[in-house]
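Visitor: Could you take me through the charged pairs and the helix packing in this one? I'd like to start with what you mean by a salt bridge.

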Amino acid sequence: SGKELLDVVGLLGWQLQRWLLVKRGGDASLQPWQLERLRGEVASRSVESLQHSVRRVWEVDVAAKQGRLPSPRAAVDALVVELCRG
């Protein structure tokens, strides 16, 4: 709440990239407790599903910036639901 739509899309993309990095076994810049928490968040997600989610976020971001979304809010809401379902 209170965030611009494109900010939300950017934050989703950032989190997904972070999950993808951790899932691939990387990110030594994190504290051990952060790494453990993130590993728990991505335990049930495959690298492929995370890559697909990153692509979906990118598609919505580009479409929003190009004005191709009839309802940007509905598109972002649908994207969030899609990402939560994994």
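Guide: A salt bridge here is a side-chain nitrogen of Lys or Arg within 4 Å of a carboxyl oxygen of Asp or Glu. Please keep in mind that this is a predicted model.

Visitor: Where do glutamate 59 and arginine 56 sit in helix α3?

Guide: They are three residues apart in helix α3, which spans residues 47–65, so about one helical turn separates them. Glutamate 59 is partly exposed at 39% relative accessibility, and arginine 56 is also partly exposed, at 23%.

Visitor: Which residues are linked with them in a network?

Guide: Arg56, Glu59 and Glu82 are linked in a network of salt bridges.

Visitor: And how many salt bridges are there by this rule?

Guide: The count comes to four. One of them joins lysine 65 to aspartate 61, with the closest N and O atoms 3.1 Å apart.

Visitor: Is lysine 65 buried or exposed? And what about aspartate 61, buried or exposed?

Guide: Lysine 65 counts as exposed, with a relative accessibility of 57%, whereas aspartate 61 counts as buried, with 16%, a value under the 20% cut-off. The two residues lie four apart in helix α3, and about one helical turn therefore separates them.

Visitor: New topic: how do the axes of α1 and α2 cross?

Guide: The axes of helix α1 (residues 5–23) and helix α2 (residues 32–42) come within 9 Å and cross at roughly 100 degrees. Since angles of 65 to 115 degrees count as roughly perpendicular, the two helices are therefore roughly perpendicular to each other.

Visitor: Which residues make that contact?

Guide: From α1 the contact uses Gln15, Arg18, Trp19, Val22 and Lys23, while α2 contributes Leu35, Arg37, Leu38, Arg39, Glu41 and Val42. The residues of this contact divide into five nonpolar, one polar and five charged.

Technical notes: Residues are numbered from 1 along each chain as its sequence is written. This is a predicted model: local features need pLDDT of at least 70, side-chain atom pairs count only at pLDDT 80 or more; totals for chains, interfaces and linings use all residues. Side-chain values use heavy atoms; hydrogens and water are left out. Axes are lines fitted to C-alpha atoms, for helices over the stretch in contact, and angles run from 0 to 180 degrees between N-to-C directions. Angles under 35 degrees count as roughly parallel, over 145 as roughly antiparallel, 65 to 115 as roughly perpendicular and the rest as oblique. Contact means heavy atoms within 4.5 Å. Ala, Val, Leu, Ile, Met, Phe, Trp, Tyr, Cys and Pro count as nonpolar, Asp, Glu, Lys and Arg as charged, and the others, Gly among them, as polar. Buried means under 20% relative accessible area, exposed over 50%, partly exposed in between (1.4 Å probe, protein chains only).
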